[in-house]
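Thanks, everyone. I'll take one structure and go through its helix packing, its ring pairs and its salt bridges.

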Amino acid sequence: MTEFETFCNEVITQLTDKAREKNYSTAGLVGENTLYDAVQEMCGGHHHGCGEIVYKARRFLAKGHPEDLIKIAAWSYLIWVHDRRDRDP
């Protein structure tokens, strides 16, 4: 397995198993993420997701926890997939 595949698998785990453990989403990589949708609607866009990316990046720079890079990628994916869906329902 390449390093990129390992990275992608970690992001997938973040979006599936860890999201289920925290009750963030039961949709996994397919289906609706009702929590993300609700927060997006309350914030009027992807503000919360972008804020999470900034927070995780600052924390990574300050503390150097590599898991924050996985979380940045996961949040980026969530923004990307919801933005695509919003543009082409």
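First, a definition: helices (H or I, at least four residues) and strands (E, at least two) are DSSP runs, numbered from the N terminus. This is a predicted model, where local features need pLDDT of at least 70, side-chain atom pairs count only at pLDDT 80 or more, and totals for chains, interfaces and linings use all residues. Residues are numbered from 1 along each chain as its sequence is written, and side-chain values use heavy atoms, with hydrogens and water left out.

Start with the packing. Helix H3 covers residues 34-43, and helix H5 covers residues 67-87. They pack at an angle of about 75°, their axes 12 Å apart. Axes here are lines fitted to C-alpha atoms, for helices over the stretch in contact, and angles run from 0 to 180 degrees between N-to-C directions. H3 and H5 are therefore roughly perpendicular. On this scale, angles under 35 degrees are roughly parallel, over 145 roughly antiparallel, 65 to 115 roughly perpendicular, and the rest oblique.

Who meets whom? From H3, Tyr-36, Asp-37 and Gln-40; from H5, Trp-75, Leu-78, Ile-79, His-82, Arg-85 and Asp-86. Contact means heavy atoms within 4.5 Å. By class, that is four nonpolar, two polar and three charged residues. Ala, Val, Leu, Ile, Met, Phe, Trp, Tyr, Cys and Pro count as nonpolar, Asp, Glu, Lys and Arg as charged, and the others, Gly among them, as polar.

Look at Asp-37, in H3. Is Asp-37 buried or exposed? Buried, at 18% relative accessibility. The cut-offs: buried is under 20% relative accessible area, exposed is over 50%, partly exposed is in between, with a 1.4 Å probe and protein chains only. Beyond its neighbours within four places in sequence, Asp-37 touches Glu-32, His-82 and Arg-85.

Now the rings. How many aromatic pairs does the whole structure hold? Two. Rings of Phe, Tyr and Trp (its six-membered ring) pair if their centres lie within 6.5 Å; planes under 30 degrees apart are stacked, over 60 edge-to-face, and the rest tilted. Tyr-36 and Trp-75 have ring centres 6.4 Å apart and planes at 45°, so this pair is tilted. Tyr-36 sits in H3 and Trp-75 in H5, so the pair ties together parts 39 residues apart in sequence. Tyr-36 is buried at 8%, and Trp-75 is buried at 17%.

The other pair is Tyr-77 with Trp-80: centres 6.1 Å apart, planes at 40°, so tilted. Both lie in H5, three residues apart, about one turn of the helix. Tyr-77 is partly exposed at 26%. Trp-80 is partly exposed at 45%.

On to charge. The count is eight salt bridges, each a side-chain nitrogen of Lys or Arg within 4 Å of a carboxyl oxygen of Asp or Glu. Take Glu-67 and Lys-18, with their closest N and O atoms 3.7 Å apart. Glu-67 is in H5 and Lys-18 in H2 (residues 17-21), so to speak distant parts of the chain, 49 residues apart. Glu-67 is partly exposed at 38%; Lys-18 is partly exposed at 27%.

Next, Asp-68 and Arg-59, at 2.5 Å between the closest N and O atoms. Asp-68 is buried, at 1%. Arg-59 is partly exposed, at 23%.

Last, Asp-86 and Arg-85 meet in a salt bridge at 3.9 Å, N to O. Salt bridges that share partners also join Lys-18, Glu-67 and Lys-71 into one network.
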